Amino acid sequence: MSIIPKTPDQIESMRVACRLASEVLDALTPRIVPGISTNDIDRWAAEVMVTQGSKSATVGYQPPGYPPFPKSLCTSVNHVVCHGIPNDKALKKGDIVNVDVTVIKDGWYGDCSRMFVVGDASIAAKRLCSLTFEAMWTGIAQVKPSARLGDVGYAIQRFAEGKGFSVVREFCGHGIGQRFHEEPQVLHYGRPGTLDELVPGMIFTIEPMINLGRREVKELGNDGWTIVTKDHSLSAQWEHTVLVTPTGFDVLTMSDGCPAPPAFVPPFATWQRIAAQQTAHSPAAAVVA
Ligand code: MF3
Ligand code: CO
Ligand code: CO
């Protein structure tokens, strides 16, 4: 089945949900310090969602074969790769934690995650976090009409492996809209020129999980959700929800507190302004000319 691009109205609804997801992370950022617990993060996020009039997409989320996810977001600490469940254990200086927020606003889903360094961390841990951020953006920068999903995966894999890291294969990005996980699957590894061709109006996440050690992962095994690295090495992840525009891409999960793209990404103001004009008065071609 082919991927159905979103209409301009649907894209505007996605912009709202995606910005709210990112703003939840903004609100959490100054509060992630040594001594707090991931349950604190979860509770604060739930409070922010109430003020936003949004809802958590993760609480009660239950794909086939899984127990319902119990919390308002995912918190994945150190060697936890993804889907970590918030708990009462205090974060300590030197921990790294991924906070993954998905909200629903008026039926539309916005999904993003960031890494947080608790206090300060080892050079290796900080490097993993920042290079995983660059790996995500390396993938985003491939997005344009007529590129293929294999180009995105290949660019991420090449970048990450070039730094001596490994790319998790078992979990991928995904289409998103009025459902949490839609077509297509967005692999973070692959071969250029393969898989689906990108078309304006497609919206999907790019969310590479990068390990300091080997790529293999396993289930922690006692909660039905938590995924850890097999070799216990540190793992990092960043996630944005991305729109294919007529000229390239727009990142929908942006907000005032969101880390700016790396310098190698085409000037932010340029692609965002062009994208905004396009959605304001499609047809896009007239604006670009
Ligand atoms: N937010 C995750 C993603 O990026 C999915 C989390 S599902 C949960 O796709 F149930 F674990 F919350
Ligand atoms: Co997510
Ligand atoms: Co996602």
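**Reading a ligand and metal site**

Reader: Where does ligand 1 sit?

Author: In this predicted model, ligand 1 sits in the largest pocket.

Reader: Which side chains have an N or O atom close to an oxygen atom of ligand 1?

Author: For polar contacts, look for pairs of N or O atoms within 3.5 Å. In the side chain of His-181, an N or O atom is 2.8 Å from an oxygen atom of ligand 1. For Asp-111, the distance from a side-chain N or O atom to an oxygen atom of the ligand is 3.1 Å. A nitrogen atom of ligand 1 is also 3.3 Å from such an atom in the side chain of Thr-102. As for cover, ligand 1 taken alone exposes 340 Å², and the protein buries 97% of that.

Reader: Which residues coordinate the cobalt ion (ligand 3)?

Author: Asp-111, His-174, Glu-207 and Glu-239 do, at 2.0 to 2.2 Å. Along the sequence, these donor residues follow the spacing D-x62-H-x32-E-x31-E.

Reader: Why is the arrangement around the cobalt ion (ligand 3) irregular?

Author: Begin with the ideal: six octahedral donors give angles of 90 or 180 degrees. Here the six donor atoms around ligand 3 subtend angles of 52 to 160°, so the arrangement is irregular.

Note on methods. Residues are numbered from 1 along each chain as its sequence is written. Chains are lettered from A and ligands numbered from 1 in the order in which they are written. This is a predicted model: local features need pLDDT of at least 70, side-chain atom pairs count only at pLDDT 80 or more; totals for chains, interfaces and linings use all residues. Side-chain values use heavy atoms; hydrogens and water are left out. A polar contact is a pair of N or O atoms within 3.5 Å; within protein, one must be able to donate a hydrogen and the other to accept it, and residues adjacent in sequence count only if both atoms are side-chain atoms. Accessible areas come from the Shrake-Rupley method with a 1.4 Å probe; for residues, only the protein chains shown count as cover. On a 1 Å grid over the protein atoms alone, a cavity is a set of points where a 1.4 Å probe fits but cannot get out, and a pocket is an open set with protein on both sides within 12 Å along at least five of seven lines; lining residues have an atom within 4 Å of a point. A molecule sits in a cavity or pocket if more than half of its atoms lie within 2 Å of its grid points. Donors are N, O and S atoms within 2.8 Å of the metal (3.2 Å for Na, K and Ca); water is not among the atoms, so sites may look incomplete. Four donors count as tetrahedral if all angles lie between 85 and 135 degrees; four count as square planar and six as octahedral if opposite donors are over 155 degrees apart and all others between 65 and 115; anything else is irregular.
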